[in-house]
Amino acid sequence: VQTWALPILAVSWWFVRQRSRALSLFFIGPGLAGITVRLLAWLVEQFGWRHAVQGWGVIVLLACLPMTLLLRERPEKYGLTPDGDAPHRPADAHGAAPVVTSRTGISFRQALRMSHYWKLGLVFALTGLSATPVIILVVPALTNVGVSYETAAWVAAGVPLVSLAGRLGVGWWGDFYDKRKLVAVCFIVQGAGVFLLSLAGQGAEWLLAPDRKSTRLNSSHGY
């Protein structure tokens, strides 16, 4: 079940000028979650994948459900404005509370009629198709070329952790530079990474795990 939509929407409600930076800080969480990969791998080794996943699901529910209580609707509902800016109108002579004007934008139906909306959807669907399999298959790909399961788990944990620099850097620049160019650069880097991944098994296993002793290719795999 996709759970990112609502938190991203909440962040977008509360930040406009600093939205890119706010979202980059939000996505530090998924990046730091990479450290749990090794723990999950250990649970699979000890209890089997079925019991490990069941236990992990319970942990996620206990940790995440209370966090939903921290989500808040639009800041206008609380007499506030996005980014912590001053209200648009000062208090009147009688000391009445400031009136916050609503933000303008397009409706969902209007967005459906815009070609840009569908182009963006297609772009991010394609990048998801390239990135998600890498995250899911990196461990079996490494073990198939002779990397130990433990080392492969550490590599899988390192993938999101390494992304933290990009999340923070691109998020910060996004509030000052053309986001289209930044996204294009990110896609180029991602494409280069997927290409390097394809070289694994062709004498370039070190691109994935620099432990030469554990990356000797077994020709019987046919990889």
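Which residues in α2 meet which residues in α8? Ser20, Arg21, Ser24 and Leu25 in α2 meet Arg167, Leu168, Val170, Gly171 and Trp172 in α8, where contact means heavy atoms within 4.5 Å. This is a predicted model, in which local features need pLDDT of at least 70, side-chain atom pairs count only at pLDDT 80 or more, and totals for chains, interfaces and linings use all residues. Residues are numbered from 1 along each chain as its sequence is written, and side-chain values use heavy atoms, with hydrogens and water left out.

**Helix pair**
- The axes of α2 (residues 19–26) and α8 (residues 149–173) come within 7 Å and cross at roughly 170°.
- That makes α2 roughly antiparallel to α8 (angles over 145 degrees, on a scale from 0 to 180 between N-to-C directions).
- The contact of α2 with α8 divides into four nonpolar, three polar and two charged residues.

**Salt bridges**
- The structure holds three salt bridges (a side-chain nitrogen of Lys or Arg within 4 Å of a carboxyl oxygen of Asp or Glu).
- One of them joins Arg21 and Asp175, with the closest N and O atoms 2.7 Å apart.
- Arg21 lies in helix α2 and Asp175 in the loop between α8 and α9 (179–198), so the pair ties together parts 154 residues apart in sequence.

- Tyr117 is found in helix α7.

How values were computed: Helices (H or I, at least four residues) and strands (E, at least two) are DSSP runs, numbered from the N terminus. Angles under 35 degrees count as roughly parallel, over 145 as roughly antiparallel, 65 to 115 as roughly perpendicular and the rest as oblique. Ala, Val, Leu, Ile, Met, Phe, Trp, Tyr, Cys and Pro count as nonpolar, Asp, Glu, Lys and Arg as charged, and the others, Gly among them, as polar.
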